[in-house]
Amino acid sequence: MASKATARRGERTPAEVLPVARVCVDVPLAHLDRAFDYQVSADQEADAVPGCRVRVRFAGQLVDGYLLERVESSEYGKKLTYLERVTSPEPVLSPEVAELARVVADRFAGTLIDVLRMAIPPRHARAEAQASPEPAPPPEVPVAAGWTRYPFGPNLLDALLSGRTARAVWQALPAEDWPARLAEAAATVASTGKGVLLVVPDHRDVTRLHAACAALVGEAGVVTLSADLGPSERYKRWLAVRRGAVRVVIGTRAAAFAPVADLGLVVVWDDGDDLHSEPRMPYPNVRDVLVQRAHLTGAAFLAGGFARTAEAQLLVESGWAHEVVAARETLRTAAPRVAAVGDSDWQEVKDAAARSARLPSIAFEAARAALAAKSPVLIQVPRRGYVPALACGSCRAPTRCRRCAGPLALPGGSDDGVPRPPYCRWCGATEAAYRCPACGSRKLRAQIVGARRTAEELGRAFAGVPVRTSGADEVLASVPGKPALVVATPGAEPVAEGGYGAVLLLDGWSLLGRADLRAAEEALRRWMTAAALAKQGVDGGRVVVIADSVLAPVQALVRWDPVWHARQELAARAELGFPPAVRMATVDGSPDAVAALLDELRLPPSGEVLGPVPLDEEGAKERALVRVSRAEGRALAAGLAEALGVRSARKDPDPVRVKLDPLEVL
């Protein structure tokens, strides 16, 4: 008679040590945002390590997951299903990143698996099989003379070198070589054997910062992580970081979750850039992620930029961070000369000679002087393309198509030397004989002139001077320090060798006039980022902004005082009850879906619902605002997560999008 063991040959037996695995399954449903218990078999005991990838059977389907921990027993009370298999024994999820992901998910009313998708890149078996290099030796402590221009700069570096928890908001001087300063801070921490994480908005910033860090830390001691690397190369570099082979990590948005070993410093540059906001659930911002990470790990925190956001100002005013700002005497030496000119009809009449280039005389003269001094000129235009929108040349009423009431635009170019007539951007019909229905004028003017049209106009005004454009089609990283006109959209301004002789900021009213809570802050940030590329005032650097000088952002630019503007902005938002003075969430969806979620939502005592209001003319989508005091922000996030979980369990068909502390509120 066959033995009992023989009869059950092939049956799986539990592991002898810690036989229960707690797994985060890859199922993006809010009501399933918790760990599930599975049995670890004896043959999986060695490979099923905390942090590894696994395959499990969930609701009858095979799904991926991450093994969070191994425990002795389960409270499930029923027979556990075995892990289907261990995909890889590589522990890709470190305990620190797992804790951070949970905190971020809870803060933004999301799920853990949504955050882990951002934190951990897809697996590539070939890259995983390759061995990572040995860690490079710690670099020497750098000579950071550039930080001495800031009264508390040396104190910051001393704190980083001694391992004390330093939290700072750094206001970079105009024309500052910010990659060199951040590299000095990173090398100071790396010299102690600790890890450094630096997050910047885009790949051009990554390239500049990598070059600066490699000069101090060495090529082997620094690695970059960005989406343009390709899946295999990015995963290979990410594994090198996870295995502790690299101390200094530079990257874009997703690198905020990079598993840097023994983290000593986290840095975010230009935290107001919208590229720092994740477009996927649960929509976290890099600044908030790094603040949470610094709090959890005890690492130092540094936020730097030419401008300052209200959120960074709140970190200073709350006492969580200290500011590193240069003295006014130093600032006056470093800053370019800034002039503001109102964009109005009388200015155009007064400057008839410069009308073809859409520049007032002071901007025209600044450009001429810079070109005469053999320096390039930067012209920032808020829109790309040709002429995005037209208006009446007399009364400025928007032009509309007589057939469908769509907006008119100029196609550009000419036929037999005659400029092509306007056309409708909705139906495509041409409007060769337009007459304004409000005043009867036949004149047309551009509401906002795009980069290509501006380049054409400047090419005619400055004959013989090369004109280059930098925008969506082609973004230039740098330009030589030779006479040239560089027309760029915000965020695409190339760095000029030796700095620009003049920076012209056109159509300022189009940035300031946006129906957006952050319009003034964003306009100042874009202006200062471009103006910081100019030469110092003592070297002839000039900046001209076409905007009314009585406006607060323009005053802040003229005086180069972003700290004053950030204080004003934060005080105004506190008075009006807008972020970051409060925690606010937007709830978008169909009217029925928004109403149903608000009915399910349990608000804290300070909770208030604004709206809902329609998001489109048909009323198919609505938005409601929910705000609470900062002290009750965690309760709001928990309430929203609970309401989303109820909708998910109920399988409500209409989707609802929830964002906490969103960039766009209005």
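View 1. At 15% relative accessibility, R204 counts as buried, because buried means under 20% relative accessible area. This and every other value here comes from a predicted model. The partner of R204 is D202, and the two form a salt bridge. Their closest N and O atoms are 3.7 Å apart. Is D202 buried or exposed? D202 is buried, also with a relative accessibility of 15%.

**View 2. Five residues form one salt-bridge network.** Which residues are joined here? They are D270, D273, E522, R525 and R526. Side chains of opposite charge can pair when their charged atoms come close.

**View 3. R22 meets E69.** The side chains of R22 and E69 form a salt bridge, with 3.3 Å from N to O. R22 sits in strand β1, residues 20–25. E69 sits in strand β4, residues 61–71.

**View 4. D33 reaches R102.** A salt bridge joins D33 and R102. The closest N and O atoms of this pair are 2.8 Å apart. Where do the partners lie? D33 is in the loop between β1 and β2, the latter spanning 36–39. R102 belongs to helix α2, residues 95–107. The pair links distant parts of the chain, 69 residues apart. D33 is partly exposed, at 22% relative accessibility. R102 is partly exposed as well, at 25%.

View 5. How many salt bridges does the whole structure hold? A search finds 38. The protein chain carries 20 helices and 30 strands. It has 666 residues, and buried residues make up 52% of them. Now take contacts between residues at least 6 apart in sequence: 74% of these join residues at least 24 apart. The accessible surface of the chain comes to about 29600 Å². Carbon and sulfur atoms account for 52% of that surface.

How values were computed: Residues are numbered from 1 along each chain as its sequence is written. This is a predicted model: local features need pLDDT of at least 70, side-chain atom pairs count only at pLDDT 80 or more; totals for chains, interfaces and linings use all residues. Side-chain values use heavy atoms; hydrogens and water are left out. Helices (H or I, at least four residues) and strands (E, at least two) are DSSP runs, numbered from the N terminus. Buried means under 20% relative accessible area, exposed over 50%, partly exposed in between (1.4 Å probe, protein chains only). Contact means heavy atoms within 4.5 Å. Accessible areas come from the Shrake-Rupley method with a 1.4 Å probe; for residues, only the protein chains shown count as cover. A salt bridge is a side-chain nitrogen of Lys or Arg within 4 Å of a carboxyl oxygen of Asp or Glu.
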